[in-house]
Amino acid sequence: MAFLIKSMVGNPLKGMGFGGGEEKAEEETPKDPAAAAGMTREEYEEYQKQVVEEKMERDADFLHKKAERATLRVCLREKYRLPKSEQDDNMIQMAGDDVDVPEELLKMVDEDATEEEEKDSILGQMQNLQNMDMDQIKEKASATLTEMKSKAEEKCSVM
């Protein structure tokens, strides 16, 4: 609270020339970071090493996860015959070639693949035909046929 009052009242008055003298520095900050952190020099160095090691470990884990995702994207691109991404290839090379796709993601991709295979098979197509309404199909076919006849009559003078 005193700091707030001093900063509000003391600083403007200081510029005007009032005040008895120079303000003393409240407390000099120690130049040694170990002392500022309340540790000895050895403890501080050990702490810094530990922080750097933890950061390197987090970065390595993050890079590995990014490479796993890139591997999954490459698999999906191959599956759907999409163009390759140079960025994904570079990510996999940076992490090393020992990167595998996580099991949960592989299960999801395999489930999707089996569903698509079922839809693409002849039996899947037959099931789709059974689910369709034959009257609706007949109506669509006759509507398409009449539409084609009317357009042909408009364009052709012989008909």
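Modeller: Before we start: a residue counts as buried under 20% relative accessible area, exposed over 50% and partly exposed in between, using a 1.4 Å probe on protein chains only. This is a predicted model, where local features need pLDDT of at least 70 and side-chain atom pairs count only at pLDDT 80 or more, while totals for chains, interfaces and linings use all residues. Residues are numbered from 1 along each chain as its sequence is written, and side-chain values use heavy atoms, with hydrogens and water left out.

Biologist: Great, thanks. How many helices and strands are in the protein chain?

Modeller: The protein chain has seven helices and zero strands. Both are DSSP runs numbered from the N terminus, with helices being H or I of at least four residues and strands E of at least two.

Biologist: And what percentage of the residues is buried?

Modeller: Of the 159 residues in the protein chain, 11% are buried.

Biologist: Let's look at α4. Which of its residues are buried?

Modeller: Helix α4 covers residues 86-95, and D88, M91 and I92 are buried there. Looking down the axis of α4, these buried residues fall within an arc of 95°, so they line one face of the helix. That arc is taken from the directions from the helix axis to the C-beta atoms.

Biologist: Why do residues three or four places apart point the same way?

Modeller: An α-helix has 3.6 residues a turn, so residues with that spacing point the same way.

Biologist: What does the face turned away from the buried side carry?

Modeller: On that face of α4 you'll find the exposed residues E86, Q87, Q93 and M94.

Biologist: And what do the buried ones pack against?

Modeller: They pack against α3, residues 41-79. Leaving aside neighbours within four places in sequence, M91 is in contact (heavy atoms within 4.5 Å) with L63, K66, A67 and A70.

Biologist: Which residues make up the largest nonpolar core?

Modeller: That core has five residues: A67, A70, M91, I92 and V99. A nonpolar core here is a set of buried Ala, Val, Leu, Ile, Met, Phe, Trp, Tyr and Cys residues joined through side-chain atoms within 4.5 Å. Helices α3 and α4 each supply at least two residues of this core.

Biologist: Staying with I92, what is its relative accessible area?

Modeller: I92 has a relative accessible area of 17%, so it is buried. Its C-alpha atom is separated by 9.7 Å from that of V74, 18 residues apart along the chain.

Biologist: Changing topic: where is R81 found?

Modeller: R81 is in the loop between α3 and α4. It has a positive phi of about 55° although it is not a glycine. R81 is exposed, with a relative accessible area of 76%.

Biologist: What about phi at G96?

Modeller: G96 follows α4, and its phi is positive, near 100°.

Biologist: Last one: which residues line the largest cavity?

Modeller: V74, R77, E78, K84, S85 and D89 line the largest cavity. A cavity is a set of points on a 1 Å grid over the protein atoms alone where a 1.4 Å probe fits but cannot get out, and lining residues have an atom within 4 Å of a point. The largest share of that lining, three residues, comes from α3.

Technical notes. 1 Å grid on protein atoms, 1.4 Å probe; cavity = no way out; pocket = protein on both sides within 12 Å on 5 of 7 lines; lining within 4 Å.
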